[in-house]
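Please read it alongside the sequence and the coordinates.

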Amino acid sequence: MKRLKPVSKETVRRTGMFLAGVCVSALGVALASKSDLGVTPLSLPAYVFSYAFPLSMGQFLILQHAAFLLLQALLLGREFRLSSLLQLPLAIVYGEVTDLALWCLGGFEAASYAARLALCAAGIVVTGIGVFLMVNAGVLVLAGEGLSLAIARRTGLAFSTVKIVVDCGLLLLSAGMSMILLGRIVGIREGTVAAAILVGLVVKAIQSLRSPRTDTEPRREPLARGSESPS
């Protein structure tokens, strides 16, 4: 009988870092949502639908990520890797932690615009920390980034270009659905623009403080195939 290889400490460490990143990122989404100054494009559809239907934002995030995963499978066909299915349980964790964070913040209301700005800024910083942990763990990607990676692989376009197109598409889709379902725009405000610009800068700042890695330093291989971090 073939013996199973023991799980290395490095695998445990990187997996723990990734799961922590998922949870921290979800907390950041909840903070941004409570500020009422807009959320990131990847969270917009769930935010809009949570206003229009009797499901929570976290539940819609799970459904949204499941739809992203289905789109990945349709786009990649036989190139779709079974390891990508791990994005689904991660989406469940992400959605449930978002709902838990929103529940914990349920009694908190920002009384002034300055307080809402502070809450939005906290959401951006916390989201950046979560993204930093996920990217540096090098384990998997959430389904939203996975969709952009799948489109980039299928079209040959750069990931950064596809990411912008996907974010803009989600923003337009959310704006349209918001007008159709609610008769007004929700979730798209100054915080949406700020998050799109600043989350990446937060990640970069943390990385520069954490270690002075150079561009020539080799990158770690992801633990699961098909989970390569975008470059």
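Helices here are DSSP runs (H or I, at least four residues), numbered from the N terminus. The model is predicted, so local features need pLDDT of at least 70 and side-chain atom pairs count only at pLDDT 80 or more, while totals for chains, interfaces and linings use all residues. Residues are numbered from 1 along each chain as its sequence is written, and side-chain values use heavy atoms, with hydrogens and water left out.

H3 itself has 20 residues and reaches 28 Å from its first C-alpha to its last, close to the 28 Å expected at 1.5 Å a residue; the expected span is 1.5 Å times one less than the number of residues.

Beyond its neighbours within four places in sequence, Phe 18 is in contact (heavy atoms within 4.5 Å) with residues including Leu 90, Met 134 and Leu 140.

Two spaces are set out below. On a 1 Å grid over the protein atoms alone, a cavity is a set of points where a 1.4 Å probe fits but cannot get out, and a pocket is an open set with protein on both sides within 12 Å along at least five of seven lines; lining residues have an atom within 4 Å of a point. A volume is the space filled by probe spheres set on the points.

| Space | Volume | Lining by class |
|---|---|---|
| Second largest pocket | about 190 Å³ | ten nonpolar, two polar, no charged |
| Largest cavity | about 40 Å³ | five nonpolar, six polar, no charged |

In these classes Asp, Glu, Lys and Arg count as charged, Ala, Val, Leu, Ile, Met, Phe, Trp, Tyr, Cys and Pro as nonpolar, and the others, Gly among them, as polar. H2, H3 and H7 each supply at least two residues of the pocket lining, which includes Phe 60, Gln 64 and Phe 68. For the largest cavity, H5 gives the most, with four residues.
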